[in-house]
Amino acid sequence: MLMTAFGGLMWLIFTAMLVLAVAALVLAAIAREDAYRAADKQNKMFWLIILGVTVAVNLLVPILFLQLAGLVATIVFFVDVRPALRQVSGGGGGRRGGSSSDGPYGPYNGGR
């Protein structure tokens, strides 16, 4: 019973690591090449290779040490590289101040 629960937990962890690696690979692939240079990060091909190897290791070679090394690379991408890419690309994604009634040309005042 306990081994079954442990096996299920490990499967869940490995699946989560794979999903994060795939998401990082997709995000790295859709970012512009010049954004990597502007953010002063490694180039796009570097991150595509690192994250691609991480996905391959998670799928094909379930060796915990290699999977953990890939997880570190994935975390570095999400914590350091992606925010820098978003900043130089102008894709803040969230609201940059203002109120909820602000439109594209300034605040909406309801026709007043």
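Ala, Val, Leu, Ile, Met, Phe, Trp, Tyr, Cys and Pro count here as nonpolar, Asp, Glu, Lys and Arg as charged, and the others, Gly among them, as polar. The structure on display is a predicted model, in which local features need pLDDT of at least 70 and side-chain atom pairs count only at pLDDT 80 or more, while totals for chains, interfaces and linings use all residues. Residues are numbered from 1 along each chain as its sequence is written, and side-chain values use heavy atoms, with hydrogens and water left out.

**First stop: the largest pocket**

Select L27, I30, A31, L85 and R86. Of the ten residues lining the largest pocket, these are the closest to its centre. A pocket is an open set of points, on a 1 Å grid over the protein atoms alone, where a 1.4 Å probe fits and where protein lies on both sides within 12 Å along at least five of seven lines; lining residues have an atom within 4 Å of a point. The space in this pocket is about 200 Å³, a volume being the space filled by probe spheres set on the points, which are joined across faces, edges and corners.

Next, colour α1 (2-30) and α4 (64-89), the elements that each give two or more residues to the lining. Helices are DSSP runs (H or I, at least four residues), numbered from the N terminus. The largest share of the lining, five residues, belongs to α4. By class, the lining comprises five nonpolar, two polar and three charged residues.

**Second stop: the salt bridges**

A salt bridge is a side-chain nitrogen of Lys or Arg within 4 Å of a carboxyl oxygen of Asp or Glu. By this rule there are three salt bridges. Exposure is given by relative accessible area: buried means under 20%, exposed over 50%, and partly exposed in between (1.4 Å probe, protein chains only).

Select R32 and D34. Their side chains form a salt bridge at 3.0 Å, N to O. D34 is partly exposed at 34%, and R32 is partly exposed at 46%.

Move to E33 and R37, whose side chains meet in a salt bridge at 3.7 Å, N to O. Both residues lie in helix α2 (residues 33-38), four residues apart, about one turn of the helix. R37 is exposed, at 56%, whereas E33 is partly exposed, at 32%.

Finally, select K41 and D80. The closest N and O atoms of this salt bridge are 3.0 Å apart. The pair links distant parts of the chain, 39 residues apart: K41 is in the loop between α2 and α3 (44-60), and D80 is in helix α4. K41 is partly exposed at 26%, as is D80 at 37%.
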